[in-house]
Amino acid sequence: MKTLTVYFSFTAGNTKRIAEKVHAALGGDLIRLETVKPYPKNYAQAVSQGEDEVKRGYKPELKPLGVVLSNYDRIIIGTPTWWYRMSPAVLSFLSNNDFTGKTLIPFMTNAGWPGSVLKDMTALAEKHGAKVENGHEFRFSSDEKQYDRMETPEKELTEWIDSLK
């Protein structure tokens with residue numbers, strides 16, 4: 001089974017870390033979603049823009065992936081939680097691609113407020129033809145000095161990755 005791991009990650013890089021661990025264990029290809037217009041480097045400005053985009057359901061234009069999705073059987077997709085929803089970049093990816101005949105495995109990171117991210121990702125992927133399975137939530141610290149500290153036990157991450165082999 002040919003696997004593509006796709007993710008969007010912004011501040012602490014938590015979603016990136018999970019995606020990299022998945023990729024290291026499963027192989028295949030690893031792609032970071034990038035918006036054509038980058039988010040501001042200033043954290044407060046980026047947060048404000050992100051909140052506005054989520055509330056509007058905005059789907060930013062993405063840079064080309066550099067791979068052909070039809071070449072993959074399984075797509076593992078990761079997003080941080082932004083205002084109880086998936087990031088706008090992941091919303092664009094899931095909205096603008098055909099996943100017919102593909103297995104999609106969503107995961108999300110959050111700091112204690114998971115919202116409806118996995119449910120929304122599942123519904124959108126299924127609407128675009130995917131078979132969705134084995135979605136997972138990973139929780140990180142909400143302490144601004146320790147945003148990169150994972151609170152989900154490492155064993156749980158390892159077991160989830162093993163279940164994908």
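Author: A term is needed before we start: a nonpolar core is a set of buried Ala, Val, Leu, Ile, Met, Phe, Trp, Tyr and Cys residues joined through side-chain atoms within 4.5 Å. Please note also that this is a predicted model.

Reader: How many residues has the largest nonpolar core, and which have the most contacts inside it?
Author: The largest core has 29 residues. Ile75, Phe93, Leu94 and Leu104 have the most contacts inside it.

Reader: Which helices and strands supply at least two residues of this core?
Author: The strands are β1 (3-7), β3 (74-82) and β5 (103-110), and the helices are α2 (43-56), α3 (88-95) and α4 (117-127). With five residues, α3 gives the most.

Reader: And what does Ile75 touch?
Author: Leaving aside residues up to four places away in sequence, Ile75 touches Leu4, Val6, Leu69, Phe93, Phe99, Lys102, Thr103, Leu104 and Ile105.

Reader: Ile105 interests me. Which residues does the second core include?
Author: That separate core has 15 residues, including Ile105, Tyr7, Ile18 and Ala19.

Reader: On to pockets. What is the volume of the largest pocket?
Author: Its volume is about 670 Å³. The pocket is lined by 24 residues, and Thr11, Tyr43, Thr81, Trp82 and Ala111 lie nearest its centre.

Reader: Which element supplies the largest share of the lining?
Author: That is α2, with four residues. At least two residues each come from α1 (14-26), α2, β3 and β5.

Reader: How does the lining divide by class?
Author: The lining has 13 nonpolar and eleven polar residues, and no charged residues.

Conventions. Residues numbered from 1 in each chain as written. Predicted model: local features only at pLDDT ≥ 70, side-chain atom pairs only at ≥ 80, totals over all residues. Heavy atoms only, no water. Buried < 20%, exposed > 50% of the residue type's maximum accessible area, 1.4 Å probe, protein only. Contact = heavy atoms within 4.5 Å. 1 Å grid on protein atoms, 1.4 Å probe; cavity = no way out; pocket = protein on both sides within 12 Å on 5 of 7 lines; lining within 4 Å. Points joined across faces, edges and corners; volume = space filled by probe spheres on them. Nonpolar A, V, L, I, M, F, W, Y, C, P; charged D, E, K, R; others polar.
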